[in-house]
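Welcome! Here is a short briefing to read alongside the model, with the ligand site, the nonpolar core and the confidence scores as its topics.

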Amino acid sequence: MFVGSDADDDEFEDMDVFEGGLDDLELDEDDDEPLRGPAQVFDFDSDEEEETVAVKSKSKKSKQAERPKKIIPTQSDASSSDSDEEDEDEPVTMKNMAEQSRKLEARRAAEEELDLEEAQAAHASDSEDDDVDMEGEEDAEGNIDVEPFQLPTAAEREAEKAAGGPDVHLVQKRMRECVRVLAKFSKRAEKGRSRSEYTDQVIADIASYYGYNEFLAEKLFLLFPVSEAIEFFEANEVARPVTIRTNTLRTRRRDLAQSLVNRGVNLEPIGKWTNVGLQVFESTVPIGATPEYLAGHYMLQAASSFLPVIALSPQPNERVLDMASAPGGKTTHMAALMQNTGVVFANDMNKLRTKSLTANVHRLGCKNVVVCSYDGREFPKVMGGFDRVLLDAPCSGTGVISKDASVKVNKSDRDFTLLSHLQKQLILCAIDSVSPESKTGGYVVYSTCSVTVEENEAVVDYALRKRPNVKLLDTGLAFGVEGFTKYRGKTFHPSVNLTRRFYPHVHNMDGFFVAKFRVEKRAKNASEPAQVDEPVLVDEEFKTELVPQSDFKGFDAEEDRPYLEGMSPIALRTLRALTAPVFRLVFCRGETDPHEGEGPASAPAQDRGAKSISRRRCALLVWRMWILRRIYYNVHCGMYIRGLIWRVAHMRAAGPLAHVGATKSATSRRASR
Ligand SMILES: C[S@@+](CC[C@H](N)C(=O)[O-])C[C@H]1O[C@@H](n2cnc3c(N)ncnc32)[C@H](O)[C@@H]1O
């Protein structure tokens, strides 16, 4: 740990003596910093470790508060040799290297032993009683509560609501009891009460205790086993550790750490999985306004935000697209990994947000970034052929509730539906923007800071179905929970287990999701709709989703087939020309016909729902509309002709002057029209 408050200047002077020695030892092999300035050494006095304090913590007592504050270590921890391994205890020199190594080993063994003991203790307590670890076992006087738990009836719940909601202690106790019962339902449930009654009660209590709307409380609750769900909600009440990412275009992590330590910042490396991250425990200066910050030596960035960039792993000299990039945390990370070579197109639809993106790009000294502002759905029409694309998609933010508590109450079912649709559109565009012929890349990374399935696995599964030329890859991330392949009656492609989920209560970082795709060449097979050469920007599913007012589901290919198959190409083109405007104007209100350019055998009607229409019927409709228009025109013309006859007759009756007057007024009327 880097502990700087008591750093002694003399000590640093001494350390300068063996700077060269450290570099010679090449202990920093794993660092991805391109800059290699002189190494500096810190006062790594382990005695001071106890003094570290989390920068922020909320008042509500929670399980999370008892967790180790360090961001989760990974399997790789034990094996990988990290650049900062030597940062522990006293400085490493040629002389004390063996000694240091022994110490480290001993410490690691002790930690492992401790972990094992903890795991055994947890297991033992679990088997004794499947209770969850929530406070409230005893009342204020320390009396053990022995009253048997009774689940309120529907009427009692109504009465409770009418009386202004239950007492917080009662809610707490009831949650604990419901969780306990649900863990061993057949043994512990009251006779005659169903599992869903307990579930409903615990969801209602979670909503009221943690301040969620019931809809979101249920959605999040269902993601986890019952007791884990409580841990998740608890973790959302606690701020995540403050973390920064070293900008390797400007400095090295150890130099940055040294400078910040000198300013009174208490920090340590985040974990072995990143060699640019630092976790800030305590600071006497505002971390977002230090001279180092202003000079672009670091980015204030959540640890979870490192993950998609690590998964994408952009290489020097590549052409990379960051499709939704503001305020640029990931863009600038990519620019640094590419060592300011190649080009990163940093796009964000929100022009206002591109200001902070541009500011960060300048501050961090990224010279290979082009900022642009398009709707991501316009790619690859705007630009394509990228080596790698990052889609850090707009999302509901259910992974960052500890940062933005408004998510607890401001998300509805419709928000999730619309977001999921947007994400599905964006992911296809991201895939289509990648060059499958890229020599070094051909990858897409999809990420969100949300934990809901419809924004994550469902989107990934959709992309796999719509683009048979992509496949999922291992993210390369050393930790994270596997993505769902089955969820509440939905089955996703088995490879979706390669995606990774990150949770606040498990990894002590924001809730996050990462998926990595490899884009391959499309096979030229006209019978498969997703294998057309032109990227299909608006897909069948979107059409219905984007036009919620209309339940029209598209052209019915099955009904069309007998008519279209026998048609000449010219007749086909004419039919399309006739039906496409109707499709746009009448059914889809501005959307394009997704089958424009496809052969007659498009997706079958049953895929798209009952309310579809065949092109033939559509053409008939056009024809009928045309007839109606003719009738209207003729009637209109008839009225005009009748008017003319009347005027001529009137002129004749009124004499030549009236004729002049009538002609004049007709002319002026026409002119004013
Ligand atoms: C999760 S944030 C991106 C954060 C960013 N990647 C970073 O690391 O700093 C999602 C971004 O998507 C942008 N966005 C929303 N809809 C978009 C669209 N249709 N096309 C492109 N960007 C969009 C939002 O303006 C927002 O800045």
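The notes below go through a predicted model, topic by topic.

**Ligand site**
- The ligand is surrounded by 19 residues, and the closest include A324, M349 and N350.
- G376 and D392 are also among the closest residues.

**Nonpolar core**
- The largest nonpolar core holds 111 residues, and the members touching the most others are I206, L391, I431 and V444.
- Helix 17, covering residues 413-432, gives the most to this core, with 9 residues.
- Setting aside neighbours within four places in sequence, L391 is in contact with M323, A324, L426, I427, A430, V444 and Y446.
- One of these contacts, A324, is also among the residues closest to the ligand.

**Helix 18**
- Helix 18 spans residues 457-466 and is mostly covered, with 7 of its 10 residues buried.
- Those buried residues are E457, V459, V460, D461, Y462, A463 and L464.
- They pack against helix 17 as well as strand 9 (443-448), strand 10 (470-473), strand 12 (486-487) and strand 15 (512-519).

**Confidence**
- The model scores ipTM 1.00 and pTM 0.65.
- The protein chain has a mean pLDDT of 75, and 63% of its residues reach 70 or more.
- Residues 526-554 have pLDDT below 50, and this stretch has 58 contacts in the model beyond near neighbours in sequence.
- The pLDDT is also below 50 over residues 657-668, a stretch with 4 such contacts.

Key. Residues are numbered from 1 along each chain as its sequence is written. This is a predicted model: local features need pLDDT of at least 70, side-chain atom pairs count only at pLDDT 80 or more; totals for chains, interfaces and linings use all residues. A residue is near a molecule or strand if its C-beta atom, placed from the backbone, lies within 6 Å of it. A nonpolar core is a set of buried Ala, Val, Leu, Ile, Met, Phe, Trp, Tyr and Cys residues joined through C-beta atoms within 7 Å. A residue is buried if 20 or more other C-beta atoms lie within 10 Å of its own, exposed if 12 or fewer, and partly exposed in between; C-beta atoms are placed from the backbone. Helices (H or I, at least four residues) and strands (E, at least two) are DSSP runs, numbered from the N terminus. Two residues are in contact if their C-beta atoms, placed from the backbone, lie within 7 Å. pLDDT is the predictor's confidence in each residue, from 0 to 100.
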